[in-house]
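Here is a short walk through one protein model.

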Amino acid sequence: MSTTQDYQAAEQLLRRPARPGELVIGDKVRPQWIDGGARFWYAVSNGVGRRFVLVDPAAGTREPAFDHALLADALAAASGQQVDPEALPFIGIELAGNAVEFHAFGEYWRCRLDGYACERAEFTPPGSPLDVLSPDKKVAVSQRGHDLWARSLSDGREWALTTDGEPDHRYGSGPDCTSNGTLLRKIGLPHLPPAVAWSPDSTKVLAHRTDERGVRQTHLVEARPADGGAPLLHTQRYAYPGDEQVPQAELVVLDVQAGTMVRAQAAPLLMPQLSPITTKWAWWAQDGSAVYYLSRPRDLRTLTLHRLDPATGEVTTVLSETGATRVEPNQWMYEAPIVRVLADEVLWYSQRDGWGHLYRYDLRTGELLGQVTSGEWAVREILRVDEAERVVYFTAVGLVDEDPYRRTVCRVGLDGSGFAKVTDDELDHVVTMPDDQEYFIDSASTVDTPPVTTVRDRTGRVLVELERADISKLTATGWTPPERFRVKAADGVTDIYGVLYRPRGFDPARRYPVVDNLYPGPQVNRVAPCFDPGGMGLDAEPLAALGFVVVALDGRGTPGRSKSFHDASYGRLADAGCLADHVAALRQLAGTRPWMDLDRVGAFGHSGGGFAAARAMLDFPEVYKAGVALSGSHDARCFNLGFVETYDGAANPEAWARSSNVDLADRLAGKLLLVHGEMDDQVHPDHTLRLADRLIAADKDFELLIVPGAEHTFIDCLAYVRKRCWDFLVRELMGTQPPAHRPAPIAIGPELLGELFA
């Protein structure tokens with residue numbers, strides 16, 4: 001049974017992303033470049049506050065950015081407040097030459113590091129978070145109404161860059177369906193920053209005019225607005241699969257000072273889900289002489305690279321590739337395309353040989369010059385191209401026998417010769433590489449090995465060690481590292497991988513209920529190969545703390561492997577990340593782990609995972625006895641066109657119907673909890689209500705929680721919603737009454753927002 005202490009441990013693990021450093025110290029380094037990237041500084045938790053560290057890679061040095069004790073004394077003397085050197089009260093900080101500037105105690109301060117004297121300083125407010133700043137930091141572009149405006153940062157002068165924007169035909173915004181309007185209202189923002197890209201010389205802006213005229217309108221009703229007034233109707237442009245009208249983006253180039261506009265002389269781009277500028281499907285050449293962009297037709301079976309002349313608007317085709325299924329520039333939908341335009345060549349990602357590799361094309365003629373990488377592994381990201389040395393640096397997956405998802409840093413000549421592993425070990429490597437420098441920052445870990453962060457040169461030699469993650473506070477909660485496992489898929493042939501979390505206070509003599517913590521992709525993985533406690537969804541660790549064995553798995557159809565592995569999802573969203581593989585995995589794991597009680601298996605998931613959790617109950621009722629489905633996309637026919645048509649295919653209503661849980665409601669046999677936010681503008685609450693309607697018609701017992709005002713992630717009521725889910729699983733799988741524990745609300749902070757938006 002779960003006790004109050006178990007719930008307290010689960011609550012602590014749930015809120016970890018909202019309070020960085022509380023449980024894990026030194027696991028992330030976010031560099032702030034200085035001297036053009038030759039040096040950098042970063043802040044890292046010390047468990048109480050933050051340490052500030054200055055690094056000089058060329059010298060191989062890592063030292064405090066300043067003397068914390070001297071600065072604390074100086075600030076205390078100047079402010080009259082007590083200052084703890086281990087928890088400096090900085091809200092924001094900037095290293096400016098031989099001084100530190102920061103906010104503290106409601107004022108702005110400057111402390112010179114040669115004498116450690118703090119003084120109040122004049123504060124120049126930073127630009128609005130809704131501004132996009134030019135590279136020379138002289139002009140900011142923002143969205144005002146339906147148009148784009150520029151503002152000089154030297155004298156405050158403002159001027160319109162566009163004047164003909166209008167409702168549903170506006171400049172600088174992505175599709176309404178992914179605008180996160182409900183969430184933005186909660187955090188006090190009217191909209192996202194505009195989707196624009198500055199030219200390298202700060203004279204022009206690449207933008208697009210978004211056309212959603214005629215796109216389907218959908219509606220949400222807010223029962224009780226924040227002011228307590230009458231219910232409000234919120235209308236959203238949101239295209240469904242098969243709709244004729246789709247959001248489109250007309251590329252434009254704006255000359256900021258001249259106030260002129262050049263429109264691309266080509267058909268607008270289909271933009272069903274995300275802005276091509278935001279996703280880096282459109283970008284400036286390094287010298288600013290051209291804009292390059294990628295396009296695909298609605299069936300997604302052809303990928304084309306175009307060149308746009310920013311002076312004339314002329315568009316030419318550089319190269320194009322067509323395939324039997326979708327042709328992708330990256331298996332991960334939300335990561336940048338693996339394409340680089342060089343001075344005379346193009347590095348092009350293709351899965352034409354069954355794996356994701358780099359090919360080299362002539363920029364002017366589009367002629368294939370050769371295959372750069374090859375083998376039964378895949379390129380994950382281009383890190384840097386050294387055209388002088390004719391070498392490309394990249395990360396690859398599939399080169400570590402133990403775990404094909406782990407990333408390895410590699411290099412190879414542009415002619416395909418001289419392939420070498422820069423990081424030749426069994427770890428997963430997450431890399432940050434500054435522009436035009438001879439080093440990179442490397443975080444090396446596995447799912448059960450805390451990260452060690454170092455600075456390495458291009459040969460892989462360690463120049464200086466930065467951090468070794470300290471997880472002692474995490475283990476003090478009773479947390480134990482997850483076990484990475486490999487089993488066979490339902491076909492009995494394909495290897496699939498996942499992680500297993502043992503319950504808190506694990507006793508191999510006991511038998512424990514099991515929760516399959518689902519996310520089916522196919523656009524992202526459920527399990528990361530690095531040290532990532534909890535992973536996607538925030539649920540695995542808390543559930544283990546409550547006394548469950550928790551399994552998370554990437555079945556066939558998810559990204560990160562071969563083309564055929566990913567294509568197992570093509571036209572088969574109904575399989576929910578291949579739930580048959582999950583069932584096969586549970587049985588194989590329990591075969592050697594008698595403490596896993598397969599008579600008490602539950603499913604738990606959010607969003608696509610919510611769809612999969614309900615689908616598991618409907619497709620495999622003999623296995624899954626209870627399920628929790630949060631914000632589930634239960635009916636593909638009423639879901640985001642861009643997502644559904646990408647993975648189930650365009651013009652494929654039969655597949656969309658197969659992907660509907662609503663049509664299978666009469667199969668429900670176990671205990672199901674459905675949870676949805678009333679104001680979810682990503683997966684509309686009608687998905688859950690449509691399923692509930694059919695469950696009622698089939699005379700099925702289930703529980704339903706509609707959360708007033710909540711958006712897709714339940715960001716301002718996360719603790720309450722998760723507690724309700726935990727209670728349900730404890731009752732239905734453990735057969736006990738959960739304790740009357742009431743978790744404290746989780747404050748909305750930038751770290752939590754980053755975790756949820758990621």
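Is Arg-406 buried or exposed? Arg-406 is buried, at 5% relative accessibility. Here buried means under 20% relative accessible area, exposed means over 50%, and partly exposed lies in between, with a 1.4 Å probe and protein chains only. The model is predicted, so local features need pLDDT of at least 70, side-chain atom pairs count only at pLDDT 80 or more, and totals for chains, interfaces and linings use all residues. Residues are numbered from 1 along each chain as its sequence is written, and side-chain values use heavy atoms, with hydrogens and water left out.

Arg-406 has a charged partner. It forms a salt bridge with Glu-402, and the closest N and O atoms are 3.6 Å apart. A salt bridge puts a side-chain nitrogen of Lys or Arg within 4 Å of a carboxyl oxygen of Asp or Glu. Shared partners also join salt bridges into one network of Asp-164, Arg-209, Glu-250 and Arg-263. By this rule the count is 54 salt bridges.

Take another pair, Glu-345 and Arg-390. Their closest N and O atoms are 2.9 Å apart in a salt bridge. This pair links distant parts of the chain, 45 residues apart. Glu-345 is in strand E26 (residues 345-350), while Arg-390 is in the loop between strands E29 (378-386) and E30 (391-397). Strands (E, at least two residues) and helices (H or I, at least four) are DSSP runs, numbered from the N terminus. Glu-345 is buried at 8% relative accessibility. Arg-390 is partly exposed at 34%.

Now look at Arg-526. It sits in the loop between strand E39 (512-518) and helix H5. Arg-526 is buried, yet has no salt bridge. Asp-532, the nearest side chain of opposite charge, is 6.7 Å away. For charge, Lys and Arg count as positive and Asp and Glu as negative; His and the chain ends are not counted.

Turn to the nonpolar residues. A nonpolar core is a set of buried Ala, Val, Leu, Ile, Met, Phe, Trp, Tyr and Cys residues joined through side-chain atoms within 4.5 Å. The largest has 46 residues, and Leu-543, Phe-548, Val-675 and Leu-729 touch the most other members. Elements that give two or more residues include helix H1 (4-14), helix H5 (540-545) and helix H12 (718-734). H12 gives the most, with ten residues. Apart from this core lies another, of 44 residues, among them Trp-595 and Ala-612.
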